[in-house]
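I open this notebook to record what I looked up in the structure shown below. The entries are meant for a reader who has not seen it before.

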Amino acid sequence: MMTVRCLLLLLGMVCARTTGTADAPPPAHRAHGNSPAVASRLPDTVSALLFAGFNVRRLTVNGPRGMCMNGGADTARVHTIALAGGALVVDGVKASGCTLAPPASGVLELSTGRKRKRLSGSVTISAGEDRLVIVGYMALRDYLAAALSTEASGSDPMEFLVALSAVQRNYVASHRGRHAPLADLCDVTHCQLADFSGVSPRIQAAVARAMSISLTAGEGLPCYYSAACGGSTLTPAQIWRTAEPGYSGVICRHCRHSLRFRWERTIEATPEIEAIIRQAPSPPFIDDDFKIRLGRVAGFNKALSNTIDRLERRGRRYVIAGRGFGHRVGLCMEGARELARHGRSAVDILRFYFPLARVQVQQ
Ligand SMILES: [Zn+2]
Ligand SMILES: [Zn+2]
């Protein structure tokens, strides 16, 4: 069993990128409507570590009539699960674990008091060292719908939604098992953000259509996306020093109207901030570690990307200016949304951002 300390170390790597973690062995080919190269690496169900970025010690689970608890019939429908003295306590009674499963098509509502999730699937809760370990199990499509509705709106152009979902699906296929043995993925940016706050029929339709579009590069499955590239995309080799097929630097002016195309922020010059800035290269530079180091101290709304054009001291503050939002690798979401608004198809969008990859539509 992975310790919570190990889990925290993993979660400390705040960016959706691969580190070459060993994926679980691929399951036998299953009919997902995708090419065999993609479908053979897609599971039927996904397990996700929920509330992964939060130190949850108390959880309320509200289920529908017909819910099962630990495999048996459950009549309570509302359960309070807490960590007390290092032990799991379910409805006031110590327990070794707790599994709650709604009836088919039922939904569980999970609440920490401050945050809520709605899950179309079952949940298992166990005691970690300093928090509850909460794992949700759901159909692949429900997970993908949650991931898509977190990054996009149901009112976004359909072709943008389909293109983004195809990339997010590739992330599952290539990174599943990242949190083994606890779960396949987590629900924060370490893997893919998925807030499980409910999805619209339009989002579900986009996920279903994306299943028929494969995006491959030899054995590779391009899977990265960021909010805005700021004028050109980067490759994994440029920022993570990992050679992955299917990526190239793409000139993208389609995100130029974004507020994050070029940005400037002001940061208080505290001793901690000064120490980080002293170690930074001279601008302009691209450095993902700088973004993460600064973000941990100043907040991730200060250095919006890894690309810094200017860093100036002004009195007791620093002014930091850069381009793009996120790691800038792969699909640029604001650019893709704009392309879809101008009539480009999901396939066009994928071919634009991944010109070295192969995009195919399965009939
Ligand atoms: Zn993760
Ligand atoms: Zn762009």
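**Entry 1**

Strands here are DSSP runs of E with at least two residues, helices are runs of H or I with at least four, and both are numbered from the N terminus. Two strands pair if DSSP finds at least two bridges between them. I noted Ser111 in E9 as the bridge partner of Thr60.

I record here that the model is predicted: local features need pLDDT of at least 70, side-chain atom pairs count only at pLDDT 80 or more, and totals for chains, interfaces and linings use all residues. Residues are numbered from 1 along each chain as its sequence is written, while chains are lettered from A and ligands numbered from 1 in the order in which they are written.

I then followed strand E9 (residues 108-111) to E10; the two run antiparallel and are joined by 4 bridges. Ser111 has Arg116 of E10 as its bridge partner. The hairpin of E9 and E10 has 4 residues between the strands, and Gly113 there takes a positive phi near 100°. In a regular strand, side chains alternate between the two faces of the sheet. In strand E10 (residues 116-119), Lys117 and Leu119 make up the covered face, whereas Arg116 and Arg118 make up the uncovered one.

**Entry 2**

I traced an open antiparallel sheet of 6 strands in the order E7-E6-E5-E2-E9-E10. Strand E7 (93-95) and E10 are its edges and have a single partner strand each, so one side of each lacks a neighbour in the sheet. Direction ignored, neighbouring strands of this sheet are turned by 25° against each other on average.

I also traced an open sheet of 7 strands with mixed pairing, ordered E4-E3-E8-E11-E12-E1-E13. Strand E4 (72-73) and strand E13 (185-186) are the edge strands, each pairing on one side only. Strand E1 (residues 45-49) runs parallel to E13, with 2 bridges between them, and Leu49 has Cys186 as its bridge partner in E13. Helix H3 (residues 140-151) packs on this sheet and touches E1, strand E11 (121-127) and strand E12 (132-139). The direction of H3 makes about 110° with that of E12; axes are lines fitted to C-alpha atoms, for helices over the stretch in contact, and angles run from 0 to 180 degrees between N-to-C directions.

**Entry 3: the core**

Which residues have the most contacts inside the largest nonpolar core? I found Ile134, Leu148, Ala163, Leu164 and Ala336, in a core of 99 residues. Such a core is a set of buried Ala, Val, Leu, Ile, Met, Phe, Trp, Tyr and Cys residues joined through C-beta atoms within 7 Å. A residue is buried if 20 or more other C-beta atoms lie within 10 Å of its own, exposed if 12 or fewer, and partly exposed in between, with C-beta atoms placed from the backbone. Helix H4 (residues 158-175) gives the most to this core, with 10 residues. Domain 1 (55-130) and domain 2 (262-323) both contribute residues, so the core lies between them; the domain bounds come from an automatic or database domain assignment.

**Entry 4: Gly324**

I located Gly324 in the loop between strand E19 (317-323) and strand E20 (331-332). Gly324 counts as buried because 29 other C-beta atoms lie within 10 Å.

Notes: Contact = placed C-beta atoms within 7 Å.
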